[in-house]
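The following note sets out, point by point, what may be read from the model displayed below. It is intended to be followed with the structure in view.

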Amino acid sequence: MLLQLDIEHLLKINPALNYARFMVMIEGGSVTHLQDFATPWLTYISAFVYLIGFSGLLIGTFLVFAYKKDEKSLQEFSIAFTLIYLVAYPFYILFPVDVTSKTLPNMAPLLYTLDPSIVHFVRICDPTLDNCFPSLHAALSLMAMLFIISKAEHIGFKAIAVTITIAIQFTILYLGIHWITDMIGGIMLAFTSYYIATRYRENISRIFRKDDL
């Protein structure tokens, strides 16, 4: 992600290029209504879910399959994870979209005003705060949830994955980061990557094995 600015410079993309106006045309300020009932405790919980819950879900999914020595699920999870990034990255370079709190006057930057270290952490993954469509938080969390639901046996893991995933979909909108369109795009990307990874794992793995040879 840190190479994004270098790639944009190499492609001679205008630094001022931004498609947030199209998001406004599509959905207006609908997302601002989620902050009508904003409270400090809800903001702190949402920030925890966005930063820690999201990472915990992805790492936890990997560890569950690793503990079970479920090589097939690990391969499928890795393929889906990679596909999501491969699809999303060109969008971030060619179709940048500012976060909602940077575009809509009535949307407060709840996440970015909590602590300067949070802003620094977020900018590592999103240097200019315009990597919105599609939402990686929406895509990766839903993709992980789909794997847990379909592959894990423990009902507790499934309940935790569903709860965290639903909470993430709320927080990305509430905190002043993503547009509703971003979330929808992420959801579609999650289902697509999951389908490809689970249906064509053998073919994809075979390609990599040939490359190793």
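**Notes on the predicted model**

1. K69 sits in the loop between helix 3 and helix 4. The model is a predicted one, and in it the backbone of K69 has a phi near 55°, a positive value in a residue other than glycine. Most residues other than glycine have a negative phi.

2. L129 also has a phi near 55°, again positive in a residue other than glycine. The residue is placed in the loop between helix 6 and helix 7. Is L129 buried or exposed? Its relative accessible area is 8%, and since buried means under 20%, L129 is buried.

3. The loop between helix 6 and helix 7 also contains P134. The peptide bond that joins F133 and P134 is cis, with omega about -10°. Most peptide bonds are trans, and the reader may wish to view this bond in the display.

4. The salt bridges deserve a point of their own. How many does the structure hold? The count is 3. Side chains of opposite charge can pair when their charged atoms come close.

5. The accessibility of each partner can be stated. K151 has a relative accessibility of 22% and therefore counts as partly exposed, whereas E76, at 0%, counts as buried.

6. E76 also meets R201 in a salt bridge, at 3.8 Å from N to O. R201 belongs to helix 10 and E76 to helix 4, so this pair ties together parts that are 125 residues apart in sequence. Both R201 and E76 are buried. Which residues are linked in a network of salt bridges? They are E76, K151 and R201.

7. A further salt bridge brings together the side chains of D98 and K102, at 3.7 Å from N to O. The relative accessibility of D98 is 15%, so D98 counts as buried.

8. The largest pocket has a volume of about 460 Å³. It is lined by 24 residues, of which Y50, F54, C125, L136 and H137 are the closest to its centre. Two or more lining residues come from each of helix 3 (40–67), helix 4 (71–94), helix 6 (116–125) and helix 7 (136–151). Which element gives the largest share of this lining? Helix 3 does, with 5 residues.

9. In the largest pocket, 18 lining residues are nonpolar, 5 are polar and 1 is charged.

10. On the surface, a nonpolar patch is formed by L10, L11, L94 and F95, with about 410 Å² of accessible area together. F95 lies in the loop between helix 4 and helix 5 (100–103). Its relative accessible area is 40%, and F95 is therefore partly exposed.

11. I204 lies in helix 10, which comprises residues 201–212. Its relative accessibility is 19%; because buried means under 20%, I204 counts as buried. How far apart in space are I204 and M107, C-alpha to C-alpha? The distance is 43 Å, and the two residues are 97 residues apart in sequence.

12. The last point concerns S78, which is found in helix 4. At 34% relative accessibility, S78 counts as partly exposed. From S78 to F62 the distance is 8.7 Å, C-alpha to C-alpha, and these residues are 16 residues apart in sequence.

Technical notes:
Residues numbered from 1 in each chain as written. Predicted model: local features only at pLDDT ≥ 70, side-chain atom pairs only at ≥ 80, totals over all residues. Heavy atoms only, no water. 1 Å grid on protein atoms, 1.4 Å probe; cavity = no way out; pocket = protein on both sides within 12 Å on 5 of 7 lines; lining within 4 Å. Points joined across faces, edges and corners; volume = space filled by probe spheres on them. Helix = DSSP H or I, 4+ residues; strand = E, 2+ residues; numbered from the N terminus. Nonpolar A, V, L, I, M, F, W, Y, C, P; charged D, E, K, R; others polar. Patch = residues over 30% accessible without salt bridge, like charges linked within 9 Å, V, L, I, M, F, W, Y side chains within 5 Å. Areas by Shrake-Rupley, 256 points an atom, 1.4 Å probe, with all protein chains shown as cover. Salt bridge = Lys/Arg side-chain N within 4 Å of Asp/Glu carboxyl O. Buried < 20%, exposed > 50% of the residue type's maximum accessible area, 1.4 Å probe, protein only.
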